[in-house]
Amino acid sequence: MKKLMVGMALTATLATAVTPGFGSIVGNQEKAYATTVTYKVTASKLNVRSGAGTTYGIIGSVVKGQMLSVVSKSGSWYKINYNGRTGYVSSDYVQASGTTTPPAESTTYIVTASTLNVRSGAGTNYASIGSVTKGQKLSVVSKSGSWYKINYNGRTGYVSSDYVQASGTTTPPAESTTYIVTASTLNVRSGAGTNYASIGSVTKGQKLSVVSKSGSWYKINYNGRTGYVSSDYVQASATASPKLVVDSFKTLGNAQQVILVTADNYDTKSAKIQTFEKVDGKWKQVLTANGVLGQKGFALSKKEGDMESPTGKYTIGTAFGRYANPGTKLPYRKITANDVWVDDSKSSLYNTWQQKPANGRWTSAENMDIPAYDYGFVINYNESRTPGKGSAIFFHVGTNYTAGCTATSKEQVVSILKWLNPEKNPVIIQSPVSELDKY
């Protein structure tokens, strides 16, 4: 198949428009450009279709950076000449040559998700470079498809446009105007925020008529006046909350916070990290992040030095770091240059945190004063300190692989540390996906 020639000139087939730019759709008609507009492909690979929609067949493709001369626009599709025939490409993945598409209304946007990954490029296939949290304001530079380009800690990052909205704007609820209260008692406030006064309350199961959405708040009619309720505690009528993986777990006991670390199989070092919290008797997902395991993946039966991470359900021990407490409620210990973790199976101090010098108390120990332990916490594995069963199992900073611990980015470690609450009896579960039914 021939490639579309870069810079190929296409001329308008309709002459009805009298000003440059997009025409509007009238009935089923499309309007052409008064002048030819050159567009650049922003997706790695973009399908060219026989009609203006994904239901039409694919007749070829164009690649990132390729220049297209657009004839006209039909809805959210651009009409182009493709190898001598008419083709259509999605307007989400092309932009005017030499320009960036500005956000719809404002350069200041607010995060609406509990935790939102910031990625190195405009797509979920790009690596996460950190995260932002609900209510955080973002300075948006431009839009690429369904992704916003932002300034993130001095570098360029991208966030999904599905989970941010323009500051000060309201958007309608996603599907339904009738919502049901899920909290036992929910305050109704005079404005969209907890800083506004409560003007009353609604109770669990009560139906609400929602007018619009502002950030994470729903605007409602309340006893003849305008009120606002948090969107966290209502759900669309006749819709069920999606079932979470933790909903089927039978071994959680009194745990109200769960860190779930999963991998596709025993042999992979790549992991998915999810956190869940029980609120008003229901589990809610808080965070999702990419992580890594031991170099050889999960262990069927953990042994000292096997470079594998243990599977199982464990309580969470002391938090630690080489810097001041980042804000965790866990007991926190700041690492010093003399701190080590004893991995000598023959020592009576095996699998404990000690300080140098050894003075004959052990023959080997892991140094704690290293960048991987900038922040982290102890996974309470092998608490009986059985010789040879494994030691120094932590959740810490890292993006490649570990010697048997679990790791993720520093931003995610700190976020999880701040979230963990010992009063909620947190646990960590590590398992291949195929064996989650054990829990």
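Strands here are DSSP runs of E of at least two residues, helices are runs of H or I of at least four, and both are numbered from the N terminus. With that in hand, Ala 183 sits in the loop between strand S15 (178–181) and strand S16 (185–189).

Before going on, the ground rules. This is a predicted model, where local features need pLDDT of at least 70, side-chain atom pairs count only at pLDDT 80 or more, and totals for chains, interfaces and linings use all residues. Residues are numbered from 1 along each chain as its sequence is written, and side-chain values use heavy atoms, with hydrogens and water left out.

The overall picture: the protein chain has one helix and 35 strands. Of its 439 residues, 47% count as buried; buried means under 20% relative accessible area, exposed means over 50%, and partly exposed is in between, with a 1.4 Å probe and protein chains only.

Back to Ala 183. Its relative accessible area is 4%, so Ala 183 is buried. What does Ala 183 touch, not counting residues up to four places away in sequence? The list is Thr 203, Lys 204, Tyr 233 and Asp 280, where contact means heavy atoms within 4.5 Å.

Strands S23 (residues 270–279) and S24 (residues 282–292) run antiparallel and are joined by 10 bridges; two strands pair if DSSP finds at least two bridges between them. There are two residues between these strands, and Asp 280 takes a positive phi near 50°. Within the pairing, Thr 275 has Leu 287 in S24 as its bridge partner.

Next, salt bridges, meaning a side-chain nitrogen of Lys or Arg within 4 Å of a carboxyl oxygen of Asp or Glu. How many does a search of the whole structure find? Eight.

One of them joins Lys 134 to Asp 232, with the closest N and O atoms 2.6 Å apart. The pair links distant parts of the chain, 98 residues apart. Lys 134 is partly exposed at 28% relative accessibility, and Asp 232 is partly exposed at 33%.

Another joins Arg 322 and Asp 374, at 2.8 Å from N to O. Both residues lie in loops, so the pair ties together parts that are 52 residues apart in sequence. Asp 374 is buried at 6%, while Arg 322 is partly exposed at 23%. Arg 322 and Asp 374 also belong to a network of salt bridges with Asp 369 and Lys 410.
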